Amino acid sequence: MSIELIKRRLSRRRFIQSTATGAALAGAGIGLAGPVRAEGEAIKIGFLAPLTGDVAAWGAPGLYGCQIWAERVNANGGVIIDGRRHPVEFVAFDNEYSAAKARTGAQKLIEDDGVKFIMMLGGDTMPPVVDISNRTGMLVSTLLPSDLTPETPLLIAPAEVHPIYNVTGVAWLGENKPDLKTAMICAQDDALGRPSVATYLAAFEAAGIDVIEEPLFFDISTTDFAPIMTRMMASDPDIICLDTAYTDYVHPLCEQAFLQGYKGQILSCTMDFYDQVVAKTSKEFMEGVIFQFPDFDDPKMNNPQINFQDPGGFYNEYNRRFPGEWGAVSWEYASIMDLWKAAAESANSAEPEAVLAAMKGTGTGAQCFGEARWWGKELFGIDNALVGNWPVVAIDDGVARIQEFRSIPAWWDRHKDLLIKHMEAMGEMYYQRI
Amino acid sequence: MGEAAASLPVPYTSVFGPVPTVVSGFAGPFGVRSLELILQTFANAAYAASYLALVAVGLVLIFGVMGIVNFAHGELYMLGAYATFYFYSEQQMSFLVAVALGLVLVGAFGLLIERGLFRPLRDNPLGGLIASIGLLLCLQAAAALEFGTKKKPVVAPTQEILTLLPGVTLPWTRVYVILVAVGLLTALWIFLKRSKFGWALRACAQDPEAAALQGISMNQTARLAMFIGAGMAGVAGALTAPLVEPEPHMGHGIIVAAFIVIIVGGIGSLGGAVIAAVLYALVQTFVTTYWNGVMADIVGLLLMLIVLVVKPAGLFGVKDRA
């Protein structure tokens, strides 16, 4: 682990304890707790994400999940290649959601650390890394398929198909709460907010819900959300949609909605650390808030189509080790590693090109919430996003509970023209971005 | 959630007629109009102006007396916010006690800075500026190490709402900020105008050498200015902690806004800082409400540029520091 990690954690002691344990388990087969010992050279995986700063909530919790994943996998013998068992070791670099630091990090991870695969959050930090990836042949993953273009052949989005899965929440509302007829959207003005706004606009149109004003964009430096909520509520919308706002925006926006007396439906892509929002508002106010990321102890995560080993155990272990840190990305990077491990073992190689070929060979893959297909040609210009079902989650008596798994491809097949129309209007289609 | 809103909104027009749309099907930026919305926006702006004025006045006071541009002033605001988190959220003290401790402790920390950092560099404004940048980075790192990089949730001391008029409300947490800001700024004004210490502060700000010849201690007035300036930033952070939630880099946004305010108001002018804070908050809040937050930042910077072009010393500034 690199020194950058030291900066990222709330508690130095807890960080040192956890990483020391992880490193001990991962390193050179010494002290492996499981029954099968990995004997080959460790395979290094790069973790290039924001571990500090405003976007850290979508980086650091994912690294904690990877630590647990590595311990579990290494305890069972690691990754089997050519009959040898290789432990997996994560090398983290904090890009602070800065493009310049992401470039530096990618170079370090590839040239100094010799990683075989790099996982990223994506967004504004992706363009410089794509250049390096294309030059070096490094396989890179993003959580944001809106990073994909025909010029990113080595970039994959295998865990989440942000922002396309947001259509499932809107479609669920349209079917289950047909009295909701109008909506207002607000979003931060950045590479995460804009494509998400286009997606919500398409989803609302498909569901027959009127978006009554232009989406209200705010700067990422905004700290006072009262004027934004005042403006949103002035139009008396049935639904207030918080788009893919960062956690640091979602919380004050919800609090402002509560304080300004909003009585309608709140819809958000994420609701990380929702217990804090409940504490600052009330259980009654948060009842029924819709978002897209479940807790993994949800009973529906035991459904047979789920491709995540022991989600409840993972969730409990995560919360024991990192209390209060569970969020949208806690499981996602680990889920990507499941896919990568299966592909590496299938290819009998950890080399990026071979792993990518094995991943996409059949045209389908085991995404966390079920079997999914490699897709994206029409929207991203390349079939490098793994798309399938996605959960719709609602707050129920203060706890997040999956309402339903809905098919993103099914929505796409019916409404793709709408999504392309709104993506084009927002300048977010791949041919407008490159 | 409760029941959905019952009625659909009325189509909107501006005073100039139908509003052109950017994306088909939406109203333009000035679509939503009502007296309630205007008054609510004034109420929102009053809060923004209050905490901004507290921070900006402290910054002006330190610059006026010591001649140092304190880039770490935003971090003093951050320390105040963490004081509330620690004493109120962690130690379960009352909110008002935590805020008072934020004022006193950050003020006391200001004394330490004055003695250890700024006093040796009093005759070296550039050195003071660089030292303040170094202090800024040290304080951010210290906060990150001690409290982590995530925002710390601070539950508001009350969820009560003050209804100013039908449809125009302010949460009491925001009302507290306004009341304390008005009280402290009034007290500061009286202190500066009516007390010997206040006269000494103003004298040092106007002409340090002449003040020294009159027997006024520069060290004592600098300590006083630093305590008041840091304390005001601290109390602003402490009061707003439940609304913005403390995190190590929260000083960045406030210091940028505070610099805009003191440049618009006139560097060295306390009254100018208060008026500029009100002006800036009004512009920011109204543009955010009637247009969007991105444009609000641009308009805020444009305001500063226009003032600099038309009146380079600021609205209430004079050519020389005073």
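Residues are numbered from 1 along each chain as its sequence is written, and chains are lettered from A, with ligands numbered from 1, in the order in which they are written. Because the model is predicted, local features need pLDDT of at least 70 and side-chain atom pairs count only at pLDDT 80 or more, while totals for chains, interfaces and linings use all residues.

## Two domains in chain A

Chain A is assigned domain 1 (3-162 + 300-387) and domain 2 (166-297 + 390-433). Such bounds come from an automatic or database domain assignment. The C-alpha centres of the two domains of chain A lie 27 Å apart. Their contact takes 32 residues from domain 1 and 29 residues from domain 2. Two residues are in contact if their C-beta atoms, placed from the backbone, lie within 7 Å.

Which elements of domain 1 of chain A each supply at least two residues of the side that touches domain 2? They are helix H11 (311-321), strand S15 (370-375) and helix H14 (377-380) of chain A. H11(A) gives the most, with five residues. Helices (H or I, at least four residues) and strands (E, at least two) are DSSP runs, numbered from the N terminus. By class, this side of domain 1 has 18 nonpolar, nine polar and five charged residues. Here Ala, Val, Leu, Ile, Met, Phe, Trp, Tyr, Cys and Pro count as nonpolar, Asp, Glu, Lys and Arg as charged, and the others, Gly among them, as polar.

## The cores

A nonpolar core is a set of buried Ala, Val, Leu, Ile, Met, Phe, Trp, Tyr and Cys residues joined through C-beta atoms within 7 Å. A residue is buried if 20 or more other C-beta atoms lie within 10 Å of its own, exposed if 12 or fewer, and partly exposed in between; C-beta atoms are placed from the backbone.

The largest nonpolar core has 157 residues. Phe47(A) and Ile118(A) have the most contacts inside it. Both domains of chain A give residues to this core, so it lies between them. A second, separate core has 99 residues, including Ala56(B), Phe118(B), Leu136(B) and Val244(B).

Leaving aside neighbours within four places in sequence, Phe47(A) is in contact with Leu63(A), Cys66(A), Phe90(A), Val91(A), Ala92(A) and Met119(A).

## A parallel sheet

Five strands of chain A form an open sheet in the order S4-S1-S5-S6-S7, and the pairing is parallel. Strands pair if DSSP finds at least two bridges between them. Strand S4 (88-94) and strand S7 (155-156) of chain A stand at the edges with a single partner strand each, so one side of each is left without a neighbour in the sheet.

Strand S1 (residues 43-49) of chain A pairs with S5(A) over four bridges. S5(A) pairs with S6(A) over two bridges. Met119(A) of S5(A) is the bridge partner of Phe47(A), and Ser141(A) of S6(A) is the bridge partner of Met119(A).

Which way do the residues of S5(A) point? Phe117(A) and Met119(A) point one way, Ile118(A) and Met120(A) the other way, and all are buried.

## Antiparallel strands

S15(A) also has antiparallel partners. S14(A) and S15(A) form a hairpin with two residues between them. The table gives both pairings.

| Strand pair | Bridges | One bridge pair |
|---|---|---|
| S14(A) and S15(A) | four bridges | Thr364(A) and Arg373(A) |
| S15(A) and S16(A) | three bridges | Trp375(A) and Ala385(A) |

## Helix H12

Helix H12 (residues 332-347) of chain A has 16 residues. From first C-alpha to last, H12(A) reaches 23 Å, close to the 22 Å expected at 1.5 Å a residue. That expected span is 1.5 Å times one less than the number of residues.

Twelve of the 16 residues are buried, so H12(A) is largely enclosed by the rest of the structure. Among them are Tyr333(A), Asp338(A), Trp340(A) and Lys341(A). The buried residues of H12(A) pack against elements of chain A including helix H2 (60-75), strand S5 (117-120) and helix H13 (352-360). Asn348(A) follows the helix, and its phi is positive, near 60°.

## A glycine in chain B

Gly110(B) sits in helix H3 (residues 95-118) of chain B. Is Gly110(B) buried or exposed? It has 29 C-beta neighbours inside 10 Å, so Gly110(B) counts as buried. Its contacts beyond four places in sequence include Leu76(B), Met226(B) and Phe227(B). The C-alpha atoms of Gly110(B) and Arg223(B) are separated by 8.0 Å, although the two are 113 residues apart along the chain.
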